[in-house]
Amino acid sequence: MDRSSLPSVTDREAEVLGQLSAGRSNAQIAHVLHISVRTVENHVSSLLRKLGASDRRELGALAGPQASVPGGGPGQVAGLPRGRSTFVGRQPDRAAIVGALDDHRLVSVVGPGGMGKTRLATVVAAESARGFPAGAAFVDLVPVRPGLVAEAVASVLGVSELPDQEVSGTIAGHLGTGRFLLMLDNCEHVVDEVGSLLGTLLDRCPHLVVLATSRERLRLPDERLVRLGPLPTDPDGVRLFLDRARAGDPDLELDREVVADICDHLDGMPLAIEIAAARASSLGQDGLRAAISDHVRLVNGARGVPPRHTSLNTVMGWSYDLLDDAERSMLRGLSVFAGSFDLASVAWVTGAPDTAAAADLLGRLVDSSLVVRATTTGTTRWRLLETVRAFADTKTGGVERSDLVARHLSWAIATATRLEKALDGSWLTEFDAVVDDLREAFARSPAAPDPAGRELARTLAHLMFARGYVREARELYLAAATRTADDGEAFDDLRDAAEVAIAGSDVQAGVDLLMLAARRAGDHGNDAAAAWAAAVETRVRFGYEYRSAGAPEHRSELLDAAQREADPDDPVVTALVATARAWHEGGLLRTDPAGTAVARARDAGDPIVTLRALDVLSATLIEQGHLHDALEIAGERLSLLRSLPRHRPAAATEISDTFQVAINLAISTGELDLASEFLDRAEVEDPTSNPYIAIPRRIAVHTLTGRFAAAIDQGAELWDAWRRDGIDRRWLAPAFNLVALAHGLADDGEDGVWLERTSMVAMADLAPTDWMTVRAAFVRARIALHTGDLAAAPRLVDAAFAAPPGWAHRSDGYARATGAELAVAAGLADAEERIYAAEPYAAENRWAAATLARARGRLLGRHEDLETAAAIYAEVGAEFERTSTLQLIAARFAVPPKAP
């Protein structure tokens, strides 16, 4: 993209424009450029204005095909390993794969091990990447254990689990924005899981293209196979041999006929040719031919072994025999690694005297083409090709194997512990490099009481949660509980698993695990009391009833049991029980229990306990209608967050809940600038942020403040996600309603479309609830005021006041105030009564207070009321409403409108 052709576009705007050309959403752009979603929205709005584009798709087209898209855009393949050497031959195969990618959405390159599937596919992927404007990614499945394929793909793509969505759904959301190339390498050991994931992705991402390599086909519909056979001896095999041999000795003289004979003996298998060529400089062509020929004759009589596998095993066995004892020992030791490794880990696991000795032996194995350098950033790492690893594994057994596994587990525990201590600093890059080996070490540990296995399970669970792998973290905590016979330790594991479940929005599982933890607490009465209390609190606070005993009376029994078990001298447990009791009694609209809980929590001095107690006080104040008081409590909760570690599950729940409540209260009280501030903080600080929750709030703030282009843009993104995911999320209907309002106030004629979409979402299975009806009435009433179409005013005013009085839903104040103003504009007889009926809500909602002031000004013809309305709108950030009010003043009183 030529910046000179764009009028006054900043560097950052150019980056955003490049991302738009890749079809990325605002949230994805924010992730790639490390900026907030709101900042992205501002840049998009600026670009729309500067470039005169009508929407984001037109902006993307303006960027052109050469736009620079950091993080895997056109021409880039995220995670692609760099070629270790020049690529030789395979022209017909390359052409076949490129042609297949043009016509098919799933292309599988299949063939036996050592045939060069990975290298060929990576070359084709790199060459073809520019044809995929949404990006491309390479995922190596060699070190991936069954059950973790989706997580491996998500890791390369840089996406995390969403609290209420499977990982495959999150991946689909990321890949569903445009033409994307996904390369999955070495699928054979997880072929069923790969097939299941790709079935989902290909169904939900119509522009996704997949290039897979495997020793067997994936057996999916419309799969296009490209079968990879041996290299032709001449010229490809000979060229490959000569290229690799002369890399070690540029002056090496080799006869092409001798080389061709060696390649024939090796059946044209690229890996076997490369391994043999690595020995050419030391053996010479005659010694090499003799050695290869002898080994081939030795295995010619083998039965039940495919010829090409025989060739590979032969040359590997021959190369292995040429190693000295230290090199063989090193190669066998490296076979215990599932993924890549650095010098320190090699020295630890293989028992090398030090890293210098490990480096020397690794270098020799690299020269023999048995070890390759892995792609990484910062630290040099190496790995074994899977075929070499499998061969080396067959040479390792008995005591040596047991010792290697034990040292690998010891290394894994030390590494995980060190990374856990670094969670508040720099840890992620190293964790991603070693995570497959940490998983492998844990999988090898005995599934029985075992201190080392439990230690690794707990530490790895904490790391997984911090990385965003919520489901895997929960399973690891549960696995830790099976590796101890101590009830107190098991309680800790089950409680932590419960906290992970709750943080991941699986409240039902969280309550179940808390109940189980309480039963495993044994003689630790305080632990049981804390678990019983937490179970009650979680059930009420997050709206879930325990299935086997859901009656409120049972909650009372649990609370009584917690009270009996609790040590009255333990301030933390006492505060937890008091908080649970306050939630249990919250329906009585009594402030006393909540106040008691807060007082005891503050005495305890634990910030998480205090946050939980303040939440029940906030909820009680909301039920009583004291929204501004509740907002003050939200501010206190926000101030406590900075001391919490985001990677701790219990802290993550409180951080997320605090932001949710604070944002909702800021919107409910009409403090729109404050809501924007909270949303910006949540993007950075909330570890479990869910776009299905965050985007509707953004839409609300954008619409109510008059930033209609941003609201419309986010609405389109949300609509596409809702259609793509196919999940019943009826609670998104109000957000789509507000998108309709943005269109209506922007005068673009699209509000009717979005009102129909709102009805489609709201009526998914059930009739709309009262609060949905009230929100719809607010939108239609405000559009009627804007357009002057007052024919439906009586019906809309009635609808705006239809819901029974209550404070739980933030639309009440907006709807009633707007309904009252519409009654005035339409000249309804009960207009003054409507203003009085809305005043209690206006006392708690500043936007509503401004709207009622404007309604009174219109009804009574009072200039000062309209001035008051304009001032309040300005204070809360409702710029569109302020401008509308000033225009009304000018029209009614012939006063020139104030400059914005």
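In the predicted model, the side chain of Arg612 makes a polar contact with the side chain of Glu537, at 2.5 Å. Arg612 is placed in helix H29, which covers residues 607–623, and with a relative accessibility of 15% it falls under the 20% limit and therefore counts as buried. When residues up to four places away in sequence are left aside, Arg612 touches Ala534, Glu537 and Arg541, together with Leu576, Thr579, Trp583 and Glu654.

Arg612 also belongs to the lining of the second largest pocket, where Arg612, Arg495, Glu499, Arg648 and Ala650 are the residues that lie nearest the centre. This pocket holds about 650 Å³ of space, and its lining consists of 33 residues. By class, 17 of the lining residues are nonpolar, 4 are polar and 12 are charged. At least two residues of the lining are supplied by each of the helices H21 (451–467), H23 (487–503), H25 (525–541), H27 (571–584), H29 and H31 (649–668). Among the contributors to this lining, H25 provides the largest share, with 8 residues.

A further helix, H33, comprises the 15 residues 691–705 and reaches 20 Å from its first C-alpha to its last, a span close to the 21 Å expected at 1.5 Å a residue. Of these 15 residues, 12 are buried, so H33 is largely enclosed by the rest of the structure. In general, an α-helix has 3.6 residues a turn, so residues three or four places apart point the same way. Just after H33, Gly706 adopts a positive phi of about 90°.

Backbone geometry was also examined elsewhere in the chain. The peptide bond that leads from Asp234 to Pro235 is cis, with omega near 20°, and Pro235 is placed in helix H10, which covers residues 233–248. Positive phi values also occur in residues other than glycine, including Asn186, for which phi is near 65°, and Asp222, for which phi is about 65°. Asn186 lies in the loop between strand S3 (180–185) and helix H9 (191–204), whereas Asp222 is found in the loop that joins strand S4 (208–214) to strand S5 (224–227).

At the level of the whole chain, the secondary structure comes to 43 helices and 7 strands. Buried residues make up 56% of the 900 residues in the chain. Of the contacts in the chain with a separation of 6 or more, 70% are accounted for by residues 24 or more positions apart.

Methods
Residues numbered from 1 in each chain as written. Predicted model: local features only at pLDDT ≥ 70, side-chain atom pairs only at ≥ 80, totals over all residues. Heavy atoms only, no water. Helix = DSSP H or I, 4+ residues; strand = E, 2+ residues; numbered from the N terminus. Buried < 20%, exposed > 50% of the residue type's maximum accessible area, 1.4 Å probe, protein only. Polar contact = N/O pair within 3.5 Å; in protein donor to acceptor, adjacent residues only side chain to side chain. Contact = heavy atoms within 4.5 Å. Expected span 1.5 Å × (residues − 1). 1 Å grid on protein atoms, 1.4 Å probe; cavity = no way out; pocket = protein on both sides within 12 Å on 5 of 7 lines; lining within 4 Å. Points joined across faces, edges and corners; volume = space filled by probe spheres on them. Nonpolar A, V, L, I, M, F, W, Y, C, P; charged D, E, K, R; others polar.
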